[in-house]
Amino acid sequence: MIERVVILENVDPVIFYGVNDSNIQLLRTLFPKLRILARGLVVKAIGDEAELERFQEKMQALMAYSSKYGHISPEVVGQVFSEGLHKAEEAQSKDTIV
């Protein structure tokens with residue numbers, strides 16, 4: 001078992017974790033092979049190397065999204081983890097009224 005630590009930078013942890021930690025619960029559902037712990041600005045994940053690499057890559061994308069748009073929702077988490085950040089940004093731009 002390997003452990004990875006992701007430090008939330010430029011992101012409000014309350015917004016990132018979601019109401020009643022809903023976003024963290026969704027992450028646990030999306031990565032059933034990992035043990036995910038969140039406390040303060042630190043998110044730890046324990047598991048095998050390949051899954052941890054994927055988890056860390058997606059967490060970086062989520063942090064970038066949250067930093068850019070100032071919010072995050074379970075729908076965004078699902079989009080980022082299933083389809084990638086580009087699709088999540090497209091969905092965000094469709095909701096924008098100019």
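**Exercise 1. How many bridges join E2 to strand E3, and in which sense do the two run?**

Step 1. Five bridges join E2 to E3 (residues 42-47), and the two strands run antiparallel. Strands here are DSSP runs (E, at least two residues), and helices are DSSP runs too (H or I, at least four), numbered from the N terminus. Two strands pair if DSSP finds at least two bridges between them.

Step 2. Pick out residues. Arginine 39 has valine 42 in E3 as its bridge partner. Alanine 38 stands opposite valine 43 in E3.

Step 3. Look at the hairpin of E2 and E3. Two residues lie between the strands, and glycine 40 takes a positive phi near 65 degrees.

The model is predicted: local features need pLDDT of at least 70, side-chain atom pairs count only at pLDDT 80 or more, and totals for chains, interfaces and linings use all residues. Residues are numbered from 1 along each chain as its sequence is written, and side-chain values use heavy atoms, with hydrogens and water left out.

**Exercise 2. In what order do the three strands form the open sheet?**

Step 1. Find the other pairing. E1 and E3 share six bridges, in the antiparallel sense. Valine 6 stands opposite valine 43 in E3.

Step 2. Write the order: E1-E3-E2, with antiparallel pairing.

Step 3. Find the edges. E1 (2-7) and E2 (35-39) each have a single partner strand, so one side of each has no neighbour in the sheet.

Step 4. From one strand to the next, it averages 15 degrees. Axes are lines fitted to C-alpha atoms, for helices over the stretch in contact; angles run from 0 to 180 degrees between N-to-C directions.

Step 5. Place the helix. H3 (residues 49-69) lies across E1, E2 and E3, at about 5 degrees to E1. Contact means heavy atoms within 4.5 Å.

**Exercise 3. How many aromatic pairs does a search of the whole structure find?**

Step 1. The search finds three. Rings of Phe, Tyr and Trp (its six-membered ring) pair if their centres lie within 6.5 Å; planes under 30 degrees apart are stacked, over 60 edge-to-face, the rest tilted.

Step 2. Take phenylalanine 16 and tyrosine 17. Their pair is edge-to-face, at 6.3 Å centre to centre and 70 degrees between the planes. Both residues are buried. Buried means under 20% relative accessible area, exposed over 50%, partly exposed in between (1.4 Å probe, protein chains only).

Step 3. Take tyrosine 65 and tyrosine 69. Their pair is tilted: 4.6 Å centre to centre, 45 degrees between the planes. Both lie in helix H3, four residues apart, about one turn.

Step 4. Tyrosine 65 has 1% relative accessibility, so it counts as buried. Tyrosine 69 has 27%, so it counts as partly exposed.
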